[in-house]
Amino acid sequence: MRYRMSVVVLGIVLAAGLAVLGSSGSNSLVIGASQEPSNLCPWEGAADTKENLMGIFNIGLTYIDSSGVLQPGLATEIPTESNGRLVVISDATGQVIRQQVVWTIREDAYWSDGVPITSDDAIFTFQVQNTQEMMVTTRAFSNLVEEIVKVDDKTFRITYGTPNLFYSSVGGSIGLARFYDIAPKHIWGPIYDQVMAQIAAKPENASTIIEGQFLGAPSSTGTGAVVGSGAFEFVEWQINQFIRFARRADFFLVPPGPASNYLQEITVRYIVAQPTLLSGIMAGEIEACDDISLAGMDPAILRAQLGSQAVVEVTASGFIEKLNFNLFPSCQVAADLLLGDKRTRQAIIQAIDREDLARTVYPGATVSNSFLVDGDIGFDAALNPWPYNLTAARTLLADLGWADSDGDGTLERTVDGRVIEFRLHWVATTADFRIRTGEILQEMLADVGIKLEVENLPGSVVFSSEYLNHGSECTWRGIVEYAEAGGVGQAPADPLSNELWANDLLEVPVDAELENTPLPENSFGGTNIMGWVSVEFDQLRADALREFDPDKRSAIVKLMQQLYNEELPTVPLYDRSEIVVKMAGLVNYTKGTAAARTQFWNAWEWGWAQNGAAAVR
Amino acid sequence: MGLGAERCRGRAISPSSLAADSDWGVGGFPSRPGLGSEKAGVGMATYLVRRVLQLIPTLFVISLLLFGLLAMKPGDPIDEMRRGNPGFTQADYDRLREFYGLDRPWYVQYWRWLGRVVHGDFGTSRQFGRPAADYVFKYRFPNTVLLSGLSLLLSFSVAVPAGVLSALRQRGFVDYTITVVSFVGVSIPIFWMGIMLIYIFAVQFRGFLPAGGLATPGVTGTWPILGDRLRHLLLPVLALSSLQVAQWTRFMRSSMLETIQLDFVVTARSKGLSERRVIFKHALRNAILPLITLMGLNVPALFSGAILTETVFNWPGMGRAIYDAILVNDFNVAMVSLMFISLLVLLFNLLTDIAYALVDPRIRYG
């Protein structure tokens, strides 16, 4: 009897659970994502996964649409010299030294709790951003700001003491990440005041106070009022499970036709393992995924598996997978291999069949020859493509004195009586596609007599500064492979280039220190981990960063790419692709171009065609 | 009947106890005369106090080692920030390292950490912006207890009868079937079993059971929530139990086979007791003891989570929390989790020792 009762109760419970399946609204969307944001604080963390999420319930002063065109978001218009909102101030030599930008916020822009968005919010956002005690992730752009002044309730003026080419691009005005140039003062102001008062009382506990009270504030962890400027409003965050949003009725950007035809609810579910995420899609539990979660999967296989129930969209990611060479003369192993000689790098790029490599390890990716991706200002499509050419590679290596004198298949050369074998150390993370890359490169380079010593290490080791920034001490002895943002004409991604420069010639008087090259003299700081020093490249970069004329800037950037393509301080392998899967019928959920960076830019237009949503993208 | 025999009452009636009601307990262990005496009680109390006090320096050494090992690992949370942000400058990097105190030697950081911990502050999870202890004990630990506890229950409920049945039907069809199924269970990796279960029940029978996760978003009401949670638990519990059931069934079978050949079982049969009584009242109670010991030793591991099952089924438990925290340099979460597991191991060692003293009369403490 008791057994029967147990079965009955279990049956009722399971039936109730099954009933849940059909209970969700039909005008909703469940998005699967592999990475969860750490918090919802606008000032901290700029990882793609967080920015994607913030895009659902926030919008910046500007945004980039799926055609790659910059559009005004919260702003009434994009500041330009022609509309008088951009004023560039040059010195006697004609060099731009300062600039002023005037922004006006739309009259119909409201926070999700109904409070108007004003210039006070913008000024407060900058105030927090510039508070030294605050644990903001980056001040790369806010450091350029000299002052920010309120003109009226809806208008404010930013003065930059150093040229900021990216003043209008997404996240480039004040320096917060995409989608949230402006944070709500009425929510964060009291939190900020309380935190600063506590820090003033106990400055030695500043980090603990900020971690606990600011990053850990209920508005950051989703346990209190989370207010945004975007098309949807925050509903709940079940940590390690999902975040839910509901459509706002008062958002100023509207899709064609009745808003009720479009999504009313969005849930982002966090699923770490790719096979589980894919199973969720196949089971119909997940209706779309973000642009990060299925990285490295073969779109053809996905299409075969999912059939007509889903659409698989492949776009360029804006990230370039590349081989970084150790060019530090102080690393004897690298110096012995003549990695500092551009002919060695030219031989290696020609010994690699990059078409085949990209097709095999990263389906959908396209071979790259630049440090920029297609779509960026000045991208040069006519660079030397360095085709696969074993003969040319062998000739270059022979010219450098390499020969297989002992017939073991590996090249040697003699230096000061020492016999050097061409054993090249290659390091990358343990990502599946990189493990496969190591195997393939080993085979390809063996054809020209280079023995590749493959080492795959956890990402936290490879990207630790103790490892990556200590190439001059030979922590890595040959090549380290990873992907770098290739720049898509927008901040903060556009590096111009983040890694390749050594001297920052922007300062007046010019600072000729190797401040971007990790060396003992600068405590191994800097992002130029290869140790490449090119005065010509640095000068071009400084010129480009001061040039506001798009055509002139484009010409300078092309020269930079030509220099890069000839010198090859890094060997670009391929532009990585991004895969987005969405159920058939989901419209306007698209990135379009690499410039848009993500498909999370237009949540107000997302909808199901079967519910009457119109496809406009 | 003396106290020693009284303690044996719940376990088994051994041939010797049947024969003589003597001081000999199960398996021929002599009962401890005077265990309940005042002297023995004082001895045990002293022993307990000493062991508990020993926990403090032991935990201190463990925390030092753990912190040192984590500090030796290349990378820190700021490196993680830099990786995800192309606009991150060296000045940002230096500023944040100084801010977090990561520019100081590891032992200085350790003392700061220890100073906070003794005041009950385990710091904030840099991965999730919440108090690390709160994150571990509120969002992760209960999920692990639920998953692992149910799995343990299911494994025990299946393995014991299956093992007994297999032993009683030795070399018969049932025995061979159970043996084959057990070997299959032992041979299939848990992650593969998990993926197959998902494929069958979530993909093929679309929507019959969820592919993973803890709950369906937006579900309200007690019964729907309970039903939803059960649906989400079924597959991970099945996957996690598969290996344990297989292993424990083999273990139980072997133990049972050994026990039913012992003299006291023969004696029980010769006294005319029914087969059911002989098996379940006498043999099983003895045969199950090694399995219980094995389970007891496995309990701390149970709390540290089942990383493969949690990953495949997207179950937010302790295993994945520890793994992720170490991987992304979330030191505070890693430390609070690892220290908690260490404490559990120490406590269960202590409990095991106490249990030995209670059940094995030859062992004395104090």
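This is a predicted model: local features need pLDDT of at least 70, side-chain atom pairs count only at pLDDT 80 or more; totals for chains, interfaces and linings use all residues.
B:Leu226 has its place in helix α10 of chain B, which covers residues 222–259.

Now move over to chain A and find A:Leu573, which lies in strand β19, residues 570–583. Is A:Leu573 buried or exposed? It is buried, because 24 other C-beta atoms lie within 10 Å, and the cut-off for that class is 20 or more. Which residues touch it, once its neighbours within four places in sequence are left aside? A:Leu573 is in contact with A:Glu321, A:Lys322 and A:Leu323, with A:Arg354, A:Leu357 and A:Ala358, and with A:Ser368. A:Phe234, for its part, is 339 residues away from A:Leu573 along the chain, and 40 Å separate their C-alpha atoms.

Next, follow chain A to one of its sheets. Here 4 strands form an open sheet in the order β4-β5-β7-β6, with antiparallel pairing. At its edges are β4 (86–90) and β6 (145–150) of chain A, each of which pairs on one side only. From one strand to the next, the twist averages 15°. Strands of a sheet pair through backbone hydrogen bonds, and they can do so in a parallel or an antiparallel way. For a closer look, take β4(A) and its partner β5 of chain A, residues 96–104: they pair in the antiparallel sense over 5 bridges. Within this pair, A:Val87 stands opposite A:Gln100 of β5(A). A helix packs on the sheet as well: α3 of chain A, residues 119–129, touches β6 and β7 (155–160). The direction of α3 makes about 155° with that of β6(A).

Finally, turn to the place where the two chains meet. Chain A brings 63 residues to the contact and chain B brings 59. On the chain A side, several elements each supply at least two residues, including α5 (206–214), β9 (242–247), β10 (265–270) and α7 (274–282). Which element of chain A gives the most? That is α1(A), with 8 residues. Sorted by class, the side of chain A that touches chain B has 31 nonpolar, 25 polar and 7 charged residues.

Note on methods:
Residues are numbered from 1 along each chain as its sequence is written. Chains are lettered from A and ligands numbered from 1 in the order in which they are written. Two strands pair if DSSP finds at least two bridges between them. Axes are lines fitted to C-alpha atoms, for helices over the stretch in contact, and angles run from 0 to 180 degrees between N-to-C directions. Two residues are in contact if their C-beta atoms, placed from the backbone, lie within 7 Å. A residue is buried if 20 or more other C-beta atoms lie within 10 Å of its own, exposed if 12 or fewer, and partly exposed in between; C-beta atoms are placed from the backbone. Ala, Val, Leu, Ile, Met, Phe, Trp, Tyr, Cys and Pro count as nonpolar, Asp, Glu, Lys and Arg as charged, and the others, Gly among them, as polar.
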